[in-house]
Amino acid sequence: VRGLCTLLQVNNMPPKKAAAPASKKAAAANKGGKKTTKKWSKGKSRDPLQNAVMFDQVTLDKLEKEVPKYKLITPSVISDRLKISVAVAGHGLVMLAKKGAIKLVSSSAKFKIYTRAIEA
C-alpha cells in the first residue's frame, strides 16, 4: 500500500512546461544567483628608471645653477629632476652645502632637507 501511494503522488504531478526564453533578457532573469568569479588585475607596472650614476659636465652645471634656486631641496627631488641616482644627488648636495650655495635645514640618518641660502 505504501509503495502504491508514492507512485500515485508522483503521477499526480502536472507535466513540466518546456520553457524557451524568447530574449536574452528573459534568459538572464532566469539565471538567478550565479555570480561571476572576480578577475584579479595585474596591477600597475612601472618602467625601471635609467638614472645616471655619475655626474657629467652638463648635469653638474645644472646642479650648480638651478638647484640653489629651489625652495625645498632633497636628494629625491634632485634625483627626479636631474635624472641622477639618489646617492649621487646626495653627494652633490653635500658639495653645494660646503660651497655655501644651499643651507641644511634638517638632517637624519635617512633623509636630509636643504633650502636655498638667503643672503641678508
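**Entry 1: the pocket lining.** I began with the lining of the largest pocket and found that helix 5 gives the largest share, five residues. My helices (H or I, at least four residues) and strands (E, at least two) are DSSP runs, numbered from the N terminus. I used a 1 Å grid over the protein atoms alone, where a pocket is an open set of points that a 1.4 Å probe fits, with protein on both sides within 12 Å along at least five of seven lines, and lining residues have an atom within 4 Å of a point.

I kept in mind that this is a predicted model: local features need pLDDT of at least 70, side-chain atom pairs count only at pLDDT 80 or more, and totals for chains, interfaces and linings use all residues. Residues are numbered from 1 along each chain as its sequence is written, and side-chain values use heavy atoms, with hydrogens and water left out.

I then read off 13 lining residues, with Pro75, Val86, Gly90, Lys110 and Lys112 nearest the centre of the largest pocket. Helix 4 (75–82), helix 5 and strand 2 (112–116) each supply at least two of the lining residues. I sorted the lining into seven nonpolar, four polar and two charged residues, counting Ala, Val, Leu, Ile, Met, Phe, Trp, Tyr, Cys and Pro as nonpolar, Asp, Glu, Lys and Arg as charged, and the others, Gly among them, as polar.

**Entry 2: helix 5.** Which residues of helix 5 are buried? I noted Val88, Ala89, Gly90, Gly92, Leu93 and Leu96, where buried means under 20% relative accessible area, exposed over 50% and partly exposed in between (1.4 Å probe, protein chains only). Their cover includes helix 3 (57–66), helix 4, strand 1 (102–107) and strand 2.

**Entry 3: Lys99.** I placed Lys99 in helix 5 (residues 86–99). Lys99 counts as exposed because its relative accessibility is 54%. I also saw its side chain make a polar contact of 3.0 Å with the side chain of Glu64; such a contact is a pair of N or O atoms within 3.5 Å, and within protein one must be able to donate a hydrogen and the other to accept it, while residues adjacent in sequence count only if both atoms are side-chain atoms.

**Entry 4: Ser79.** Is Ser79 buried or exposed? I found Ser79 in helix 4, and it counts as buried because its relative accessibility is 7%. The Ser79 side chain reaches the backbone oxygen of Ile84 at 2.6 Å.

Key:
Contact = heavy atoms within 4.5 Å.
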